[in-house]
Structures are given as structure tokens and as C-alpha cells.
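Please read the following report beside the sequence and the model, which are shown just below.

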Amino acid sequence: MSPIEVGILGATGAVGQQFIALLAAHPWFKVTWLGASQRSEGKAYREATAWRLPAALPDDVAKRQVDAATPGRAPKLVFSGLDSSVAGEIEGAFAQAGHIVVSNARNYRMDADVPLLVPEVNADHLALLKTQSAARGWPGLIVTNPNCATVVLAMALAPLRPFGLKKVMITTLQAISGAGYPGVASWDILANVIPYIGGGEEEKIQTETNKILGTLRGGAVVPHPMAVSATTTRVPVHNGHTASISIACEQTPDADALIHAWRSFKGRPQEMALPSAPARPIVYLTEQNRPQPALDADRDGGMTVTVGRLRPCQVLDVKFVALGHNTIRGAAGAAVLNAELMREEGLL
Ligand SMILES: NC(=O)c1ccc[n+]([C@@H]2O[C@H](COP(=O)([O-])OP(=O)(O)OC[C@H]3O[C@@H](n4cnc5c(N)ncnc54)[C@H](OP(=O)(O)O)[C@@H]3O)[C@@H](O)[C@H]2O)c1
């Protein structure tokens, strides 16, 4: 099979770099186009970006000239790691010009006709694309992945849906890479915790999770009825968003049943053996001091969510800790998995 050419919008950012690293040896996709702002346009990629990843920057990408973020020269499939201040307009223009945009940005996530995908959890939501094509008349498409903290919560909760989720309280401890590069000033974040993340972070967790766990009915998603309350904090960690989560359910769940639900959870990516699919989307650890970002964020290429510390909650029913890699499972890796699913579903 000849590789499918892909472009990256926002290629110079933190998420854009992860796309380049993840696609460097991808069996299906090859990066042939890079787009970013006027600051980068016309420069060789290695001059335009401050490469921050331990993986080597591939030579062919390093030399490639960064283009303007306008449709025309890009291949049909485009991943987007654009800043949300510009993603709405630019991604819309690409879809209107016939591109398939697989986006990380928040702009279209909550639109009723746009899939907000976690392939293990709601692969059936791709059916919204029929509604999208009919409603917008675009020759292209937009598919999104969740906010980087939302995906950790949504994956940890998905196997627990049979217990009748009613209430969820979440407090996050989010890595600085979640703010892009250079992100938070070192003066503010070193030896510190910042109890606020801008850009509507808490609201995203409180709405996106319900859409992801929602049910597809009559061509639309009916959001899950559980109530979600979120507090988000920024902590001096490079990569990996940790979350302390308490839940209340219709039936008070038994600890063994919960752990079994997490450990046996699998979805369409595992059935289809997609290239970026982790063998086990959720790993439950029994050690009292896990999960930790330094030890667990990179599990299975950063695509696994690690859960631990399950115990009774004196206010709701049970509480636990969950962790996921924010720029891989929470961003670029999630989008690549979405595109792999779309290819197998014949949507590319
Ligand atoms: N970091 C995470 O963990 C994470 C997780 C999930 C989702 N996201 C979302 O992913 C997106 C990117 O995040 P990031 O952390 O990678 O941000 P970032 O490091 O600040 O990168 C932003 C990218 O957008 C480009 N850009 C900015 N203004 C532009 C314009 N006017 N026209 C064209 N391109 C423009 C930048 O290009 P220049 O370099 O040329 O300025 C850069 O490539 C955001 O929407 C973010 O909310 C991030």
C-alpha cells in the first residue's frame, strides 16, 4: 500500500511536534505538508520550531518549508494542532475546500454534527459525519478529539457506564506541556501549583465528557445525564495529567467489579488492531503510590490511561486516581488514532 499523505496545521507547536514524532515511522501516513502562522511561513521547519521532544526530528521534515495555513497545497487529510484563537476559521476553511480535518482544537468539539471521538469509547459517533455533510454542505469533514484532561476522565469512566454513573467530582493536576511552548513562565510554575487554567478548562471537562459518553440516537448524540464538577490546576510536571476522581452510581459498585471493568475494557481500535491502539487502553495498578506522571505517562507509547488508588469515598461512592499523557493520548496520539479508525471505516 502506498502511504496516505498528510498535512499538519499548527506543525510548529507542542502538539504539532508530537504529530511529527508519532508519524515519523507510521505504517499508513506520511507527512508531506506543514502549515503554521506568518511567523513561520517560508522558513525551514527546523528554523521555525523550538523542537522540545527527546525523539530526533526527522531529516525530511526538518528541511521542509512551512507553508501558510491556507487550503490549496495541503493533502486531503490534515491534522490540526492550531491555537484555538485561529482554529475555528482555518479548520472551517479547510473543510470547505474539501479537506478532512482531524482536530485537537476546542472550536468544533461541542457542535452537534461534529464527532468528539475517543475510538475505544464512542467509535459509533462517526455516524454524525452524515449529518455534518448534509447540514454544512462541505466537501470535506471535521472530526475532533477531546481536551487533554477530559480524555483521561472519559476513558476512566467509560467502562463504568453499566454501574449507572450519576455524579462525578474531578480535580486535575495538569502538566505544563498542556499549555504549549513556552507556556507558563518558570517564575510562576516552579515549586508552585496554580489553581486555575484559562480557556474554559473546567467547562470543557464538564460538557465534553457527557457528549463522549452519550448515546447516538436518530443521528444525534444524547449526552450522558451524569453531573460532572471539575477543578483544574497546573503543576510543575513536564508531561502527564493526573486526576483525582470521585463518583456516585445507581448501584454502589463493588471494588473487584470496577477493577475488572477497567482491566477488561477494549474497543474498536483493539478489535481492528489499529497501529496506534494500545493493547490495553486502561491499566489498573495496585501499588498505593501509583499512577505517577514520571513513571506511568509514557505507558504503551503514551496511549494508555493508568488508574489506581481505588477506595471508598465518604461523600460519593468510590474514589480513584487516573493519569494520561496530555500531548499523546490527550492530543496528537488521539488524533492519529481517530484517523486510523476513519481509514478502516472507509471514511478517508
Ligand atoms: N498541549 C496539549 O497538551 C494540548 C492537548 C489537547 C489539545 N490541545 C490543543 O491543541 C492546540 C495546539 O496546542 P499547543 O499546545 O500545541 O499550542 P502551541 O504550542 O502554542 O502551538 C500553536 C500552533 O498554532 C499555530 N498558530 C498560532 N497562530 C496562528 C495563526 N494566526 N495562523 C496559523 N497558525 C497559527 C502556531 O504557529 P507558529 O509557531 O507559527 O506561531 C503553532 O504551530 C490548541 O488548540 C490546544 O488547545 C493542546
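Helices (H or I, at least four residues) and strands (E, at least two) are DSSP runs, numbered from the N terminus. The model is a predicted one, in which local features need pLDDT of at least 70 and side-chain atom pairs count only at pLDDT 80 or more, while totals for chains, interfaces and linings use all residues. Residues are numbered from 1 along each chain as its sequence is written, and side-chain values use heavy atoms, with hydrogens and water left out.

**The ligand and its shell**

| Residue | Distance to a ligand oxygen atom |
|---|---|
| Gly13 | 3.2 Å |
| Ala14 | 2.9 Å |
| Asp83 | 3.2 Å |

On its own the ligand has 910 Å² of accessible area, of which the protein covers 82%; accessible areas come from the Shrake-Rupley method with a 1.4 Å probe, and for residues only the protein chains shown count as cover.

On a 1 Å grid over the protein atoms alone, a pocket is an open set of points with protein on both sides within 12 Å along at least five of seven lines, whereas a cavity is a set of points where a 1.4 Å probe fits but cannot get out; lining residues have an atom within 4 Å of a point. Grid points are joined across faces, edges and corners, and a volume is the space filled by probe spheres set on the points.

The volume of the second largest pocket is about 730 Å³. Its lining has 33 residues, and those closest to the centre of the pocket are Arg52, Leu53, Ser177, His238 and Asn239. Two or more lining residues come from each of α1 (14-23), α8 (186-189) and α12 (293-296). By class, this lining holds 20 nonpolar, 10 polar and three charged residues.

**Buried parts**

Buried means under 20% relative accessible area, exposed over 50%, and partly exposed in between (1.4 Å probe, protein chains only). Gln17, which lies in helix α1, is buried, with a relative accessible area of 3%, and its side chain makes a polar contact of 2.8 Å with the side chain of Thr49.

Why is helix α7 described as largely enclosed by the rest of the structure? Helix α7 (residues 150-157) is so described because eight of its eight residues are buried, namely Thr150, Val151, Val152, Leu153, Ala154, Met155, Ala156 and Leu157.

Val118 lies in the loop between β5 (100-103) and α5 (119-122) and is buried, with a relative accessible area of 1%. Although Val118 and Pro146 are 28 residues apart in sequence, they are 7.6 Å apart in space, C-alpha to C-alpha.

**Backbone details**

Most residues other than glycine have a negative phi, and most peptide bonds are trans. The peptide bond from Tyr181 to Pro182 is cis, with omega near 5°, and Pro182 lies in the loop between β7 (165-174) and α8. The bond from Arg290 to Pro291 is also cis, with omega near 5°, and Pro291 belongs to the loop between β12 (282-284) and α12.

Ala273 is not a glycine, yet it has a positive phi of about 50°; Ala273 is placed in the loop between α11 (268-272) and β12, where it is exposed, with a relative accessible area of 60%. Arg309, in strand β13 (residues 305-312), has a positive phi of about 55° and is partly exposed, with a relative accessible area of 31%.

Definitions and conventions
Ala, Val, Leu, Ile, Met, Phe, Trp, Tyr, Cys and Pro count as nonpolar, Asp, Glu, Lys and Arg as charged, and the others, Gly among them, as polar. A polar contact is a pair of N or O atoms within 3.5 Å; within protein, one must be able to donate a hydrogen and the other to accept it, and residues adjacent in sequence count only if both atoms are side-chain atoms.
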